[in-house]
Amino acid sequence: MKVIVYSAMPEDLIESLREHFEIKHIPDCHTYTDLLPDLKEAEGLLGSGLRVDSGLLDHAPNLKIVSNISVGYDNLDIPELTKRGIMATNTPGVLDDTTADTIFGMMLAAARRFTELDRFVKEGRWKAPVSQAEYGIDVHHKTLGIIGMGRIGGKIAKRAHFGFDMNILYHNRSRNMEAENRYGATYCGLDELLQKSDFVCLMTPLTPETRHLIGEREFRLMKKTAVFVNGSRGQTVDEAALIRALERKTIYAAGMDVFEQEPVSPDNPLLKMENVVTLPHIGSATHETRYAMAKLAVENLTKGLLGQCPPSLINREIFQI
Ligand code: 8YV
């Protein structure tokens, strides 16, 4: 069976795949056209970020499984894969703590102005003890609003509750009783969360319903002192509205790990703003976690192609066909 691995992958995991499959490794793949010579015979596709829709699938008549090395799977056309009887898998669970750490880092950096003041020191502008001009705002004991209380949201709530004594509000498709019972999180509507939170943390998956979930109206509902952090996908926020909100000081600061266009354009006004912390989509990017994600993706693909149910199968109906 032929498998295409289209992202960088640790050598020991490539070797474990070679025990069962013929592997074509194309680590520098940008569009599916880079895979065209091999797609026709491929039964498995393993990697992260590639758009998999009918454009690709029409060239892959033998494909049985697409194993995504990420928890988000907005790059996959799930209905189309399901219609064609192709399994789709992702990597939930193994990146929750690391991503929650990143979110807390961004909250602290934005509220306490770490990146701005790091430049202040390195550029030789620190000439006297700091004054009010360099003060930030506290994180501890504030109200944190989490939009999207899934696994990662739960880990953010855990840190907020036990580490920072924060009051937690959340908005989600369904109630998360673990977050309520263990971390004291209170379920509320989106508008109430936006109005009451000092920190607004966006963690929803990107779906047609969450595209531009946060825009002009939502920024206006937030406090003038609010810190907004996006750890989901760039498209969940109307970035032009965010830029206006920061320019007009409708909110205090933002932490952005994701952008509408990635890699972000050097002309993006967010990059010129001192009160915005920007990261290059590193939510899960540690050696340990990226290895764990790749390992789970390999397990998903191997089980799927060897006739067992992959541990993180998204379109479970495939297995009932
Ligand atoms: C990266 C992520 O997009 O898992 C996700 O949904 O956002 C990230 O971990 C991805 O894995 C990049 O390689």
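Let's start just after helix H11, where Lys249 takes a positive phi of about 60°. Helices here are DSSP runs of H or I with at least four residues, strands are runs of E with at least two, and both are numbered from the N terminus. Before I go on, a word on the model: it is predicted, so local features need pLDDT of at least 70 and side-chain atom pairs count only at pLDDT 80 or more, while totals for chains, interfaces and linings use all residues. Residues are numbered from 1 along each chain as its sequence is written, and side-chain values use heavy atoms, with hydrogens and water left out.

Back to H11, which spans residues 239–247. At its start, a side-chain oxygen of Asp238 comes to within 3.3 Å of the backbone nitrogen of Ala240. That is a polar contact, meaning a pair of N or O atoms within 3.5 Å; within protein, one must be able to donate a hydrogen and the other to accept it, and residues adjacent in sequence count only if both atoms are side-chain atoms.

Which residues of H11 are buried? They are Glu239, Ala241, Leu242, Ile243, Ala245 and Leu246. Buried means under 20% relative accessible area, exposed means over 50%, and partly exposed is in between, using a 1.4 Å probe and protein chains only. Those buried residues pack against helix H10 (216–221) and strands E10 (227–230), E11 (253–256) and E12 (276–278).

Now step into the loop between H11 and E11, where you will find Thr250. Thr250 counts as buried because its relative accessibility is 17%. Leaving aside neighbours within four places in sequence, Thr250 is in contact (heavy atoms within 4.5 Å) with Phe219, Arg220, Met222, Lys223, Lys224 and Ala245. Thr225 is 25 residues away from Thr250 in sequence, and their C-alpha atoms are 8.1 Å apart.

Most residues other than glycine have a negative phi, and most peptide bonds are trans. Arg113 is not a glycine, yet it has a positive phi of about 65°. Arg113 sits in the loop between helix H5 (96–112) and helix H6 (114–122), and counts as buried because its relative accessibility is 15%. His212, also not a glycine, has a positive phi of about 55°. You'll find His212 in the loop between strand E9 (199–202) and H10; with a relative accessible area of 38%, His212 is partly exposed. As for the peptide bonds, the one joining Glu262 and Pro263 is cis, with omega about -10°. Pro263 is in the loop between E11 and E12.

On to the ligand. Which residues are around the ligand? With a heavy atom within 4 Å as the cut-off, they are Ser48, Ile69, Ser70, Val71, Gly72, Leu95, Arg233, His281, Ser284, Arg290 and Met293. From the side chains, a polar atom of His281 lies 2.8 Å from an oxygen of the ligand.

Finally, the overall layout. By an automatic or database domain assignment, the chain divides into domain 1 (2–92 + 287–320) and domain 2 (96–278). Their C-alpha centres lie 32 Å apart. How many residues of domain 1 are in contact with domain 2? There are 5, and they meet 5 residues of domain 2.
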